Amino acid sequence: MQNPSGDARHTEQIEAHGLNAVRLKACGSEALVYLHGAHVASFRTREHGELLWLSDQAVYGAGKAIRGGIPICFPWFGAHPTEPSFPAHGFARTSEFRFEGSEERGDNVHCELSLSSSPETLALFPHAWKARLRLSVGRALSVAFEVENVGDAAFDYEVALHSYLGVSDVRQIELGGLAGARYDDKVTGARGDLQPEAPLRFASETDRVYDSTARVTVGDPTRNCRLIVDKTASRTTVVWNPWVDKAKRLSDFPDDAWATMVCVEAANASPHGIRLPPQSRHTTTTIISAETL
Ligand code: TA6
């Protein structure tokens, strides 16, 4: 990656909310990524405006994940399977990544951030690895999270690109692409339910882990647009809306903001975690775009 200092035409290193960040511009689109958690906080397109949701009460600082945007859940998804004291969704989203540079490729701008295992991470996840977040900003946003096993033994991990999408009113949207997929319902505890053919609509807290590799669409009639979440090398799709009560319990989530967001997460979570052989790599990618209805 060229240009670690960034090129003002398409890359600007800034400080926002006291954190180092990189603003990327291409094709009339603009993205903002914090080095904290390699956290994409914003992606705006010329035609459809901001596609991501970001909490007005987000906390920006050490040890806390920014609420909204695209948090990276790694090396586990949700609560740690055996250690309840370990941070939910792993430690990547609260780690300081290194800006490796950016460059133009065709109409898009590409940027890379990196993170490696350390004594702190080895205490929680006893494996040697290097992670790279590769962003491509243009008419769509591509977020590719690569994990490389730099050790001499295989290890298992989970990952989720936990995208918060902005919507007009979650009660009015229709989510397509998951028909026929099996899912585990984290609200009811049911496992292996079948998603009906009809588009998914929202009328209560929704927290589902789908066994799916499919494109997901979010039709937002009020905005006259459809959000599109494509993904590669991801066998799990997580769909989440906290609804009223859970939103109230989240201190960094405005009480009434649950209606303006939905999470559609490209993941590899149990039972589809990744087993990474030594000296090998795996990349989970999500691609977010919008089209006019
Ligand atoms: O992806 C859905 C989920 O696992 C929900 O269960 C909820 O916990 C959400 O993630 C947010 O988690 P966080 O730790 O960011 O509050």
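Trainee: How many bridges join strand β3 to β4?

Mentor: Keep in mind that this is a predicted model. Strand β3 covers residues 29-34 and runs antiparallel to β4. The number of bridges joining β3 to β4 is five.

Trainee: Which residue in the hairpin of β3 and β4 takes a positive phi?

Mentor: Look between the two strands, where the hairpin has four residues. The phi value there is near 75°. The residue is Gly 37.

Trainee: Which residue in β5 stands opposite Thr 45?

Mentor: A hairpin of three residues leads from β4 to β5. The two strands pair in the antiparallel sense over two bridges. Opposite Thr 45 stands Gly 49.

Trainee: How many of the seven residues of β4 are buried?

Mentor: Strand β4 spans residues 39-45 and is mostly covered. Buried here means under 20% relative accessible area. The count for β4 is six.

Trainee: Now the rings. Is the aromatic pair of Phe 74 and Phe 91 stacked or edge-to-face?

Mentor: The model has 16 aromatic pairs. For Phe 74 and Phe 91, the centres lie 6.3 Å apart and the planes make 85°. Planes over 60 degrees apart fall in one class, so the pair is edge-to-face.

Trainee: How many residues apart are Phe 74 and Phe 91?

Mentor: Both sit in the loop between β6 and β7, and their pair links distant parts of the chain. Phe 74 is buried at 0% relative accessible area, and Phe 91 is buried at 6%. Their separation is 17 residues.

Terms used:
Residues are numbered from 1 along each chain as its sequence is written. This is a predicted model: local features need pLDDT of at least 70, side-chain atom pairs count only at pLDDT 80 or more; totals for chains, interfaces and linings use all residues. Side-chain values use heavy atoms; hydrogens and water are left out. Buried means under 20% relative accessible area, exposed over 50%, partly exposed in between (1.4 Å probe, protein chains only). Two strands pair if DSSP finds at least two bridges between them. Rings of Phe, Tyr and Trp (its six-membered ring) pair if their centres lie within 6.5 Å; planes under 30 degrees apart count as stacked, over 60 as edge-to-face and the rest as tilted.
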